[in-house]
Amino acid sequence: PSAFLAFTRSAFVAKRRNYDQPNWFGVGLAFSTTAALWALLFKQHNEDIMEYERRKQEKQHKCTGCS
Amino acid sequence: MVFLPDESRSLPPPPLVNKGSVWLGFTGWVAAMLDNGFSHRPVIRSGVHRQILFATMGWFVGYYLVKRMEYVHAKQDRELFEYVRQHPEDFKAAG
């Protein structure tokens with residue numbers, strides 16, 4: 001099969017998908033990517049909160065002075 | 001052009017459950033179900049791992065988009081109030 005036919009899906013090159021066996025590699029990849037994305041998101045969110053609180057404290061010290 | 005300038009971190013971050021995340025997460029889920037439909041697979045029962053992944057990707061992107069949106073709105077508010085402060089004669093209360 002020619003490489004140029006990669007972007008055309010003619011019946012000469014396309015094959016019918018077989019769903020008898022699960023694509024375990026794809027499933028594993030999808031779930032691990034999902035877990036990684038959620039972990040990254042939680043990490044980012046917690047860092048955002050900490051940075052916001054830190055800057056709030058900093059601003060208070062600057063304006064009101066240390067008591 | 002920076003997506004999130006440093007001063008945006010002085011704003012309170014959006015909650016993990018926010019409008020952008022919910023909507024884009026839902027959009028991702030629908031995209032996975034559309035893919036099922038176009039590929040002649042059962043729409044809901046098939047490719048659950050794909051539905052979860054697409055929904056997660058939408059949720060993830062939604063969080064960052066909402067952060068940028070809140071920053072842009074806060075910046076506009078700051079510039080607006082600064083202008084009003086500098087031109088009090090144009091903003092006298094009706095009287």
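## Basis

The model is predicted, so local features need pLDDT of at least 70 and side-chain atom pairs pLDDT 80 or more, while totals for chains, interfaces and linings use all residues. Residues are numbered from 1 along each chain as its sequence is written, chains are lettered from A and ligands numbered from 1 in the order in which they are written, and side-chain values use heavy atoms, without hydrogens and water.

## Chain A

Chain A has one helix and zero strands (DSSP runs: H or I of at least four residues for helices, E of at least two for strands, numbered from the N terminus). Of its 67 residues, 16% are buried (under 20% relative accessible area; exposed is over 50%, partly exposed in between; 1.4 Å probe, protein chains only).

The chain exposes about 6,100 Å², and 63% of that comes from carbon and sulfur atoms (Shrake-Rupley method, 1.4 Å probe).

## B:Asn36

B:Asn36 belongs to helix 1 of chain B and is buried, at 0% relative accessible area. A polar atom of the B:Asn36 side chain lies 2.9 Å from the backbone oxygen of B:Ser46. The side chains of B:Asn36 and B:Arg50 form a polar contact of 3.1 Å (N or O atoms within 3.5 Å, one able to donate a hydrogen and the other to accept it; residues adjacent in sequence count only if both atoms are side-chain atoms).

Leaving aside residues up to four places away in sequence, B:Asn36 has contacts (heavy atoms within 4.5 Å) that include B:Pro42, B:Val43 and B:Gln51.

## B:His40

B:His40 sits in the loop between helix 1 (19–38) and helix 2 (48–86) of chain B. B:His40 counts as exposed because its relative accessibility is 75%. Its phi is positive, about 55°, although B:His40 is not a glycine. Most residues other than glycine have a negative phi.
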